Amino acid sequence: MLIWFLPVFLIFLMVGLPVFFGLLAAPGILLWLNGQEKDITLLYRNVYNGMDSFPLMAIPFFMLAGELMNKGGITIRLVEFSQALMGHLRGGLAQVNILSSILFAGLSGSAVADTSALGSMLIPAMEKQGYTRKFAAAITAASSVIGPIIPPSGIMIIYAYVMGESVAALFLAGIVPGILVGVGLMVMVRVTADRYDLPPAQRVVLTGIELGPVEYWFSFALVRLNIGLLLAQFVPLGPEATSTAKWLAFGGGVLATHGLMLGLRRVVSHDFRMVCKRAVVPLQTPVLILGGILVGVFTPTEAAAVAVAYALIVAFGILRTMKLSDLPDVLIRAGITSSVVLLLVGAAMAFKTVVSLSHAPETLAAYILSLSDNPLILLFLINLLLFVVGMFLDAGPAIIILGPILGPIFIDLGVDSIHFAIIMSVNLTVGLATPPMGLVLFVAAAVSQEKVETIAKAILPFLAVEIAVIFLITYVPAISMTIPRLTGFAN
């Protein structure tokens, strides 16, 4: 009888019951009808146990870092930087929207935060330039799904927690797929520019911008240190190189970068350089997070706390765009967002208890394997299943419920566990922008004051691109596996 937990849960969703209550009510009712009252206690105790985890502490920290960056005016700087780079293309502001989502993904890791922060600025701006409101809302919603794919990513932290994977490996595996989604959307905007009569190209570089001395020298140092460190990695030192040789390679990289910057100074305008320099400090956030994790200085959870500390230093000490009176509002927003995510995780972990009691994983595994013994066909079918699930269920709970069921099946078939994690994460993330219940569609509708149905129609070409990318990721494992393998986080 417990096998009916999923249909009952879907019925609760269709009648409008919030996901959190549906995840607890459906299995609770079935356990009671099945005479398993003792297991009901276990079910609800697991709500707390599901949230009581050190790795999951990264989620509220990343949420808080994103809120601090947004309140501190970081989002505006990223948009200005994107305009300077992409404004000369046909449909430039739509391209700016996508590039801003790629850059913003490295700060928040949240599709909802992306839609809310960027949409509130770019949708009115796009409408003023001649874009239709439905198109502006659709491209904002479609590009916002890049947020949870490019690290840091909340749903990948959840997947790693549930499946026992390395957070660093998943973060690295998401970089190329996330960029690929962004590039695909940019190509689609260019292809449809004539059909939608998008505004002509117009380079937008703000004039008269000057940086304070602290921010100027901070940006000056960060550019040279980051690029210099990157160049030093290409110096063939060998495994037995001394620390002196490594420092010399790093110093040479810094000097080479300084020479390169002096050369660029003669090529680009002063205003363009100022816009780029204003983006250096916020763009250091993903570098700090990933760099610290890869080098082994701190864990992903500690990296999230470091991101919050860096955001506070930037907002209060370097940019000076926040006051102490702004903190309560930031903390409240971050607390509410984090509590929603963690409650869903806790409820989904409790839901998972009934999944195991019902023996549904074994039943579903036997059924899937009976359809075909060809992993390529099974991956195609699973992508269809995940796409449908993503239409109705948020990515976090879907990963917790389906990950333990589907993951072992495909790992036994020879699919790498990190590769399958990316397939599942990207698929369910795209579901956030998929009708009828995609969460970012409702956020985009609220921001743009446009109907959800109208946005859902306008977003279809962009969803087609994202689905094509999902299948590309599925059948070309190198897209997601190359970086983890090169860095030693995957075999």
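User: Which residues do salt bridges with shared partners join into one network?

Analyst: Glu67, Asp329 and Arg333. Glu67 forms a salt bridge with Arg333 too, with the closest N and O atoms 2.9 Å apart. Glu67 is in helix H4 (residues 58-71) and Arg333 in helix H15, so this pair ties together parts that are 266 residues apart in sequence.

User: Why is Glu67 called buried?

Analyst: Buried means under 20% relative accessible area, exposed means over 50%, and partly exposed is in between (1.4 Å probe, protein chains only). Glu67 has 16%, so it's buried. Arg333 at 28% counts as partly exposed, and so does Asp329 at 37%.

User: How many salt bridges does the structure hold?

Analyst: There are 5. One of them pairs Glu80 with Arg278, the closest N and O atoms being 3.1 Å apart. Glu80 belongs to helix H5 (residues 74-86) and Arg278 to helix H13 (residues 270-295), so the pair links parts 198 residues apart in sequence. Glu80 and Arg278 are both buried.

User: How do you know that Asn383 and Asn427 make a polar contact?

Analyst: A polar contact is a pair of N or O atoms within 3.5 Å; within protein, one must be able to donate a hydrogen and the other to accept it, and residues adjacent in sequence count only if both atoms are side-chain atoms. The Asn383 and Asn427 side chains are at 2.7 Å, so the distance passes. Asn383 lies in helix H17 (residues 375-392), and at 2% relative accessibility it counts as buried.

User: Which residues does Asn383 touch, leaving out those up to four places away in sequence?

Analyst: Ile423, Asn427, Ile470, Phe471 and Thr474. Contact means heavy atoms within 4.5 Å. Thr140, in helix H8 (residues 133-144), touches Asn97, Thr115, Gly119 and Ile123 under the sequence cut-off of four places. Thr140 comes out at 0% relative accessibility, so it counts as buried.

User: What makes the nonpolar patch a patch?

Analyst: Patches take residues with over 30% relative accessible area and no salt bridge; like charges are joined within 9 Å, and nonpolar side chains (Val, Leu, Ile, Met, Phe, Trp, Tyr) within 5 Å. Leu384 has 40% and counts as partly exposed, so its area passes the 30% cut-off. Other members include Tyr367, Phe380 and Val476, and together the patch has about 870 Å² of accessible area (Shrake-Rupley method, 1.4 Å probe, with only the protein chains shown counting as cover for residues). H17 gives the largest share, 5 residues.

User: Why is Arg320 called exposed?

Analyst: Its relative accessible area is 63%, and the cut-off is over 50%, so Arg320 is exposed. Arg320 also has a positive phi of about 55 degrees although it is not a glycine. Gln449 has a positive phi as well, about 60 degrees, and is exposed with 62%.

User: Where is confidence lowest and where is it highest in the chain?

Analyst: pLDDT is the predictor's confidence in each residue, from 0 to 100. Its mean is lowest in H16, at 72, and highest in H22, at 93. The chain averages 83, and 95% of the residues score at least 70. Where pLDDT is low, the predicted coordinates should not be read in detail.

Technical notes
Residues numbered from 1 in each chain as written. Predicted model: local features only at pLDDT ≥ 70, side-chain atom pairs only at ≥ 80, totals over all residues. Heavy atoms only, no water. Helix = DSSP H or I, 4+ residues; strand = E, 2+ residues; numbered from the N terminus. Salt bridge = Lys/Arg side-chain N within 4 Å of Asp/Glu carboxyl O.
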